[in-house]
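Have a look at the model first, and then we can go through it together.

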Amino acid sequence: MLRRDFWDIVERVGAHDLDAALCTNATLIRQDEAARLAASPVRWFSVSLDGPDAGTHDALRGAGRFAHALRGLEALVAAGAADRTKIRVTVTRDNADTLAGFADVASRRWTGRVLVGDIGVPRAILDRHASA
């Protein structure tokens with residue numbers, strides 16, 4: 001959303017019938033942007049969270065970022081995009097023990113999807129880092 005041509009790109013998605021998703025931290029999404037996105041041809045909105053609470057998320061992203069992300073997520077849901085919105089979680093050693101909490105976040109925020117994945121780092125690198 002920082003690109004000056006962001007909305008032009010969004011509209012072109014529809015013109016070409018592309019199966020497009022917007023992966024975002026949602027911190028820039030307010031009610032107006034959410035309404036525009038919900039009416040757009042973007043088919044999926046994926047909101048990245050690193051923790052199900054401010055303590056975990058903000059430790060990785062910076063103070064206040066959890067509240068900003070939730071505001072954007074809630075704006076998308078309120079704009080009518082709940083069925084197209086999901087929470088995306090990358091599992092790290094910093095948040096692995098909090099994964100169950102994401103179900104609560106999703107149910108309180110009225111989005112029915114939580115996608116969980118690992119960071120995709122080869123095992124050899126993780127083993128080397130753990131032994132250092």
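Is Arg-3 buried or exposed? Arg-3 counts as exposed, because its relative accessibility is 52% and the cut-off for exposed is over 50%. Keep in mind that this is a predicted model.

Arg-3 has a partner: its side chain meets that of Asp-5 in a salt bridge. Asp-5, at 25% relative accessibility, is partly exposed.

| Salt bridge | N to O distance |
|---|---|
| Asp-5 and Arg-3 | 2.8 Å |
| Asp-17 and Arg-43 | 2.7 Å |
| Asp-50 and Arg-61 | 2.5 Å |

Asp-17 sits in the loop between helix H1 (6-15) and strand S1 (21-24), and Arg-43 in the loop between helix H2 (31-38) and strand S2 (44-48), so their pairing ties together parts 26 residues apart in sequence. Asp-17 is exposed at 57% relative accessible area, while Arg-43 is partly exposed at 34%. Salt bridges with shared partners join Asp-17, Asp-19 and Arg-43 into one network.

Asp-50, in the loop between S2 and H3, pairs with Arg-61 in helix H3, eleven residues apart. Asp-50 is buried at 12% relative accessibility, and Arg-61 is partly exposed at 31%.

Arg-61 also takes part in a helix contact: with Ala-54, His-57 and Asp-58 of H3, Arg-61 meets Arg-65, Phe-66 and Ala-69 of H4. These contact residues divide into three nonpolar, one polar and three charged. Helices H3 (residues 54-61) and H4 (residues 65-81) pack at about 105°, with axes 8 Å apart, which means that H3 is roughly perpendicular to H4.

Notes: Residues are numbered from 1 along each chain as its sequence is written. This is a predicted model: local features need pLDDT of at least 70, side-chain atom pairs count only at pLDDT 80 or more; totals for chains, interfaces and linings use all residues. Side-chain values use heavy atoms; hydrogens and water are left out. Axes are lines fitted to C-alpha atoms, for helices over the stretch in contact, and angles run from 0 to 180 degrees between N-to-C directions. Helices (H or I, at least four residues) and strands (E, at least two) are DSSP runs, numbered from the N terminus. Angles under 35 degrees count as roughly parallel, over 145 as roughly antiparallel, 65 to 115 as roughly perpendicular and the rest as oblique. Contact means heavy atoms within 4.5 Å. Ala, Val, Leu, Ile, Met, Phe, Trp, Tyr, Cys and Pro count as nonpolar, Asp, Glu, Lys and Arg as charged, and the others, Gly among them, as polar. A salt bridge is a side-chain nitrogen of Lys or Arg within 4 Å of a carboxyl oxygen of Asp or Glu. Buried means under 20% relative accessible area, exposed over 50%, partly exposed in between (1.4 Å probe, protein chains only).
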